[in-house]
Amino acid sequence: LLFWLRSIKLHAPSVSMLLVGTFFADMMEEKGNLRLIDKILRELTNGSFEQIVFPDNIEHGDLIFFPIDNKERLGIDRLRRAVEHCARDDPVSSQEVSIRWMAFLDRILSEKQNETKEYLTFSDEVKIIGAIVGIPSVGEQEEALSFFHERGFLIHMTSTEILKNIVIIKPQWLIDALSKVICEGNMHINMDQFKQVGLENDAQMTYARGLASRDFLEYIWKGEQVEFFIDLMKRTMLLSEWDRESYLVPSLLRDTYVIPKAGISGHRCVYDFSLCFLPSGVFQRLLCLCVELSSRSGGNTNLKLYENFASIELEKGLPVHLLENKEAQAISVFTEKTHAAQRVMSVIQSMLLKVNHDVMGAGLAWSTYVENTATKELVRLSEAQEQKLSPWFNSDDQQETEKISSQSVDLDTFLESLS
């Protein structure tokens, strides 16, 4: 529950949240159940979620959740009124749009009645629909699609021309396609199926080392919109090019790295997310960016890759080690090259900002610490900068790459700025 509450707060910080407890009739059989559940929820949320809407519940006291029972129809009307009230108070729901835009949306979504229709192409279908309903301007069509996308009526991504040309009207199609790749191979993949078509080794490589071949992706997506899915996974940092014939999917890495007794060598920088939280996938997306940068800069990517650890060259001759500590909610970066410590810290900081901006809705928050080489203690970044703590601060150009990552630039431009 805490994971979902944090995720909602991360991606939609201003949305109202209603906690609902079901099987109310069963809970009423024993006195004190509601109070016990309420106590648990209050301790769990700890006043950290201002979006939670408290029920107007005179009958059962001041509860943090809505107790309902679908079978006995208990509490349903109270919950319905609360939902309607939240919807009316939401400024988004009161925003006016033209009748032409409503007709545009209706015509697009009417295509969902076709069971085999999961998406429309912008160039061949959506433009024609726009002209029919009185919106011939491509610019206005794109503006309307952006509005509909933001409100969840459809999915339309615009960061590349390939993504821009697909307007998804059935989101389940997208989920099903991605889950064919990102899944637990031992449970959801039939190796006999791949063996019959000569892709057994490709499937094993995918779910053992996280390296998916182009042939594997072509087969698992049945040759449909393969370029779209690859581009989507690249732009959302779920996949990066490994070599000419395969792609790295970090979320498929399963082996856990055990820190040796001697520790990890190098100057240490820590990105601490504990004041907020470190969502699943941030470390994997960071690894994607590191691999992509390495391949562009001539580094050796084929070092150590684990679920929680990576050893990789950001560029030729510049090895770095990345470690995710889920318990501490932190990502640590180690660099053995003293002269490059400042650059490594800045590049990783920029990558985290890019992940935050492009994927996490700018909802991530973290504190950066660097290690004092003499005392081995961690020092807050601002204090280290004031002290000009070596080797982290030896020049005045520290924040240069960070400024680039905060801008709304495409992924290729961002990576080129770091090379």
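This is a predicted model: local features need pLDDT of at least 70, side-chain atom pairs count only at pLDDT 80 or more; totals for chains, interfaces and linings use all residues.

Biologist: What about the surface and the charges?

Modeller: The accessible surface comes to about 22,500 Å², with 50% of that belonging to carbon and sulfur atoms. There are 43 positive and 61 negative charges, and their mean positions lie 1 Å apart.

Biologist: How do you know which parts of the model the predictor is confident about?

Modeller: pLDDT gives the predictor's confidence in each residue, from 0 to 100. The chain averages 89, and 95% of its residues reach 70 or more. Among the elements, strand β4 (residues 166-168) has the highest mean, 97, whereas helix α18 (residues 400-406) has the lowest, 45. Over residues 398-406 the pLDDT is below 50, though in the model this stretch has 21 contacts beyond near neighbours in sequence.

Biologist: Why is Val126 called buried?

Modeller: The cut-off for buried is under 20% relative accessible area. Val126 has a relative accessible area of 0%, so Val126 counts as buried. Its place is in helix α6 (residues 122-132).

Biologist: Which residues does Val126 touch, leaving out those up to four places away in sequence?

Modeller: Val126 touches Phe104, Ile108, Leu120, Thr121, Gln141, Leu145 and Val167. "Touches" here rests on heavy atoms within 4.5 Å. As for Trp4, that residue is 122 residues from Val126 in sequence and 35 Å away in space, C-alpha to C-alpha.

Biologist: And contacts across the whole chain?

Modeller: Take the contacts between residues at least 6 apart in sequence: 62% of them join residues at least 24 apart.

Biologist: What makes β10 and β11 a pair of strands?

Modeller: Two strands pair if there are at least two bridges between them. Strand β10 (residues 309-315) and β11 are joined by six bridges and run antiparallel, so they meet that requirement. Glu315 stands opposite Leu318 in β11. The hairpin has two residues between the strands, and Gly317 there takes a positive phi near 85 degrees.

Biologist: How do you know that β11 also pairs with β12?

Modeller: By the bridges again: six of them join β11 to strand β12 (residues 330-335), and the two run antiparallel. For instance, Leu322 has Val333 in β12 as its bridge partner. This hairpin has four residues between β11 and β12, and Gln329 in the turn has a positive phi of about 55 degrees.

Biologist: Why is β11 described as mostly covered?

Modeller: Strand β11 spans residues 318-325, and seven of its eight residues are buried. Each of those seven falls under 20% relative accessible area, because that is what buried means.

Biologist: What makes β5 and β6 edge strands?

Modeller: Three strands form an open sheet in the order β5-β7-β6, with antiparallel pairing. β5 (211-213) and β6 (240-241) each pair on one side only, and that makes them the edge strands.

Biologist: How many bridges hold β6 and β7 together?

Modeller: Two, in the antiparallel sense, with β7 covering residues 246-248. The pairing threshold is at least two bridges, so two is enough. Tyr247 in β7 is the bridge partner of Glu241.

How values were computed:
Residues are numbered from 1 along each chain as its sequence is written. Side-chain values use heavy atoms; hydrogens and water are left out. Accessible areas come from the Shrake-Rupley method with a 1.4 Å probe; for residues, only the protein chains shown count as cover. Lys and Arg count as positive and Asp and Glu as negative; His and the chain ends are not counted. The place of a charge is taken as NZ of Lys, CZ of Arg, CG of Asp or CD of Glu. Buried means under 20% relative accessible area, exposed over 50%, partly exposed in between (1.4 Å probe, protein chains only).
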